[in-house]
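Hello,

Here is the structure I promised to pass on. Please load it first, then read the notes below it.

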Amino acid sequence: MTAMVVGLFLLSFVYTPHDPNEMQLTMRFIGPGENPRYILGTDYFGRDILSRIIYGSRSIVLVSFVAVTLGSVVGSLLGAVAGMVKKGPLSAIIMRAIDGLMAFPGILLAMMMVAAIGKGQEGAIVAISVFMIPPFARLVYSLILDSETHLFIKAASSYNISRCRLLFKHYLPLLLPRLITLFTACIGTAIMIETSLSFLGLGVQPPHASWGLMLNEARQHFLQYPYLAMTPGIAIALSVLGFNLLGDGLNDALSKRRSR
Amino acid sequence: MAEEKVLDIENLTIRTQRGRTLVDGISLHLYKGEVLGVVGESGSGKTLTAKTILNLLPENLSWEADRFAVLGADYLTLGKKDTKALVGQKIGYVPQNTGSYLHPMIRIKDQIIDGYLRYTKNNRGEALERARELVKAVGIRDTERLLKSYPWQLSGGMRQRVNIAMALMNQPRLIVADEPTTALDSTIQMQVLDLLKTVNDLYETPVILVSHDLGLVKYYCERIVVMYAGQIMEAATVEQVFSNPKHPYTRALIKVIPSLNIKKGERLAEIPGQLNAVGTAGGGCAFKERCSFRQEACEYTIREKTVADNHYYRCNLDF
Amino acid sequence: MLSYIYKRTSNAVQVLLFVSIITFAVLQWIPGDAAQLILGSEATPENLARLRTALGLDRPWYIQYWHWLKGLVQFDLGRSYVFGQDVVTLIQQRLPVTISIAVFSMLIASTIAIVLGILAAIRKNTMVDYLATGIMQLGSAVPAFWLGMLMIVYFGLELKWFPVSGYVPPDRGLGGYLNSIAMPSIVLAIGEVGMLLRTVRTSMLEALGQDFMDMAKAKGLSSFTIYFKYALRSAMIAPINVMGLQFAKLVGGTVVVESVFGLPGVGRLILVAVEQRDVFLLQGLVMFVTALVILISLLVDIAVMFINPRIRIEMQGE
């Protein structure tokens, strides 16, 4: 399923059956399967749904990957700093701020960021990446504190090497598998937030295609034409499910390896 | 009546789902009023055997036997529910002394009476009255406070008394004590075992006493079964075992019992080697790797022999 | 125990303080200040200046922050310029809706999670377990707004079981009230049930492996007593904690759900505030909602301590 999403994403650069933004007012509301030229039908403006789905994967993949990458890098660095400095006000302030970020319920933080930055793709990316900072910071922080008891870390730190070197040479290999797992799991969440934001009209702006936005646009007409809501919803559910399962799988594999 | 079999187990085998054998065809008999010691190292299968009697075998293990009768009821034909009822009603279980056998969030009194309430028509008041009596009988003075406590407020010895009192609630006709004294101070070990022996004397309740400590068990049992690697190495009365041990493993066990007149600087005796996995004997003797009397024949065959007075052993040699 | 409550409370206050800083800082970013946004682009510079002074916007940011914080402590969340009303009043009007769906969805989610979680743990690797796993995965993957739309089409239009949108206050008929919040609550619950179910199942499995379960079985207790008195009692702590955490997500989820079902709740208010960039309203709302969530998780923590007799008794000893 993950492969499917990525595949769709790649496909969007080479091929869409129709121009996703091309409006053909004579071709409005063609149901799925009614016209072989429009397999999944057309929407209110006569745009081809299949093309928009393919095209919409671009914003999903772009926003979620960029945002999670940003969030993970910033978060891990913050966590690493807090973990390496340990005692002292800097560490305390960082971790309290992280707690503060985590205290915002659900997508509230993301919405607030959007309000500050503005609607659109950039707003969504920043909003989601801020949302992703705390889990990474916490993971790195706690892992560093945990692994201090490892002998090889103790040995390394007794050599009086620089903290930076200690971090990248000794901690990173320890952290990486866990970070990758968390990264995968977060992609699913990011997709969910991205689609929620665009559904609320705060993400990608029309006329561009995004799955959440397609659902938003479908709202005015789906009572008569329920099929409008089907495809994008299924697409979202499948891609989130895909990344969640991938994350779970990685997690299982990891814990099995550790227990051995 | 004296010969009535409380426990009649023939050829019990316990296996994992993957087919690994943990207990390998053992037979156990327990007669009325008797205390039977089951002795062996950890991994010898003694606890699994006890758990089978208690119907507590983990789901990923399965057992089979030619005969498995407990208190006259045949487990092989008895339904799930009836087995559970039989265990609850007629068998008292004294577990290993880890605090974990009592629920940490439920008061002692509620834990002690719930099994009783389930199998008698008496009400809560009567149940509590009986609990008070028993708790007093097992030697606890401040009964009321004890009953109101939670398990983690008690010392290890206290908890084990509670466990014994709890096991006695339904006037059991068999007590299974699985390593009841592990992790207790040696004086308290004695007290707990004395208590079990008193119960045995008073009510003629037969007891299966599972332990790794032959030196401790010998004071409390009539008969001893020595287990090793899922098999019974020797089974006889205490006198026979100590005066005339037939199996090298039993001899080794007796030798490692630390005695008080140990000389200064002398090392405690030990049995060399480790317990090997059950079923690796390949037809030969399970103990052969660690046996100092090992012969060529021990690789391929093993002889089971019963001599006078039901003295059973599993060895190619005669001592 | 008391010292723990104190520590936990002061921790919560600290977190709230950081929340207020983050909120304030983020919303300072909004291009153009509040005065500009209120008066629009055609405002005269004199008017702008006058309003800035009136709102205190000409003072340095830390004074502004201080004033805002002082207001917060006195439950003065500021004034919305889009609605021209106090934020507190606006929240008061809309809170019942949001609380209703939040509480009902929590009830639905926890009932499903507890029942199914226990069954899944007892009958591990059977159909029930697979069903539970399926619900866990689907629940967290299906977007609430889409599910809401599907339910509107099916239960609202096809079957006509529930009204498609709108809110009926309880004083205008309990039936209507329940009907109007049924679908939103269910939609919200399905999103929440996965995580809870997973927690119940895991901690139940852990409890089932405990030694005292052996003892309970050896006493021949009924299955009901074994599972509910013995296993569940020690398995409940983690799920209750998670429930506290989930409540936060749930409140966030109300934004989407209220939007789908056209409910006049706090979530809708937040959306309006974001769309209109009503800084004061948004600040006030964010602080209110976050404080509510932090308060609830604090209460949950304390409640969990009281459930655990060990801590309770140690407290009496103090």
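A residue is buried if 20 or more other C-beta atoms lie within 10 Å of its own, exposed if 12 or fewer, and partly exposed in between, with C-beta atoms placed from the backbone. This is a predicted model: local features need pLDDT of at least 70, side-chain atom pairs count only at pLDDT 80 or more, and totals for chains, interfaces and linings use all residues. Residues are numbered from 1 along each chain as its sequence is written, and chains are lettered from A and ligands numbered from 1 in the order in which they are written.

**Helix H6 of chain B**

Helices (H or I, at least four residues) and strands (E, at least two) are DSSP runs, numbered from the N terminus. In H6(B), 10 of the 13 residues are buried, so the helix is largely enclosed by the rest of the structure. Among them are Arg159(B), Arg161(B), Ile164(B) and Leu168(B). The buried residues pack against strands E7 (91–94) and E8 (174–178) and helices H3 (108–119), H4 (124–137) and H7 (186–203) of chain B. Contact means C-beta atoms, placed from the backbone, within 7 Å.

**Core**

A nonpolar core is a set of buried Ala, Val, Leu, Ile, Met, Phe, Trp, Tyr and Cys residues joined through C-beta atoms within 7 Å. The largest one has 232 residues. Ala110(A), Met111(A) and Ile128(A) have the most contacts inside it. Leaving out residues up to four places away in sequence, Ile128(A) touches Val63(A), Ala67(A), Ala110(A), Ala190(A), Ile193(A) and Glu194(A).

Residue classes are as follows: Ala, Val, Leu, Ile, Met, Phe, Trp, Tyr, Cys and Pro count as nonpolar, Asp, Glu, Lys and Arg as charged, and the others, Gly among them, as polar.

The contact between chains C and A takes 39 residues from chain C and 36 residues from chain A. Elements giving two or more residues to the chain C side include H1 (2–28), H11, H12 and H13 (279–307). That side divides into 29 nonpolar, eight polar and two charged residues.

The contact between chains C and B takes 18 residues from chain C and 23 residues from chain B. H9(C) supplies the largest share of the chain C side, six residues. By class, that side has six nonpolar, six polar and six charged residues.

Best wishes

Key. Two residues are in contact if their C-beta atoms, placed from the backbone, lie within 7 Å.
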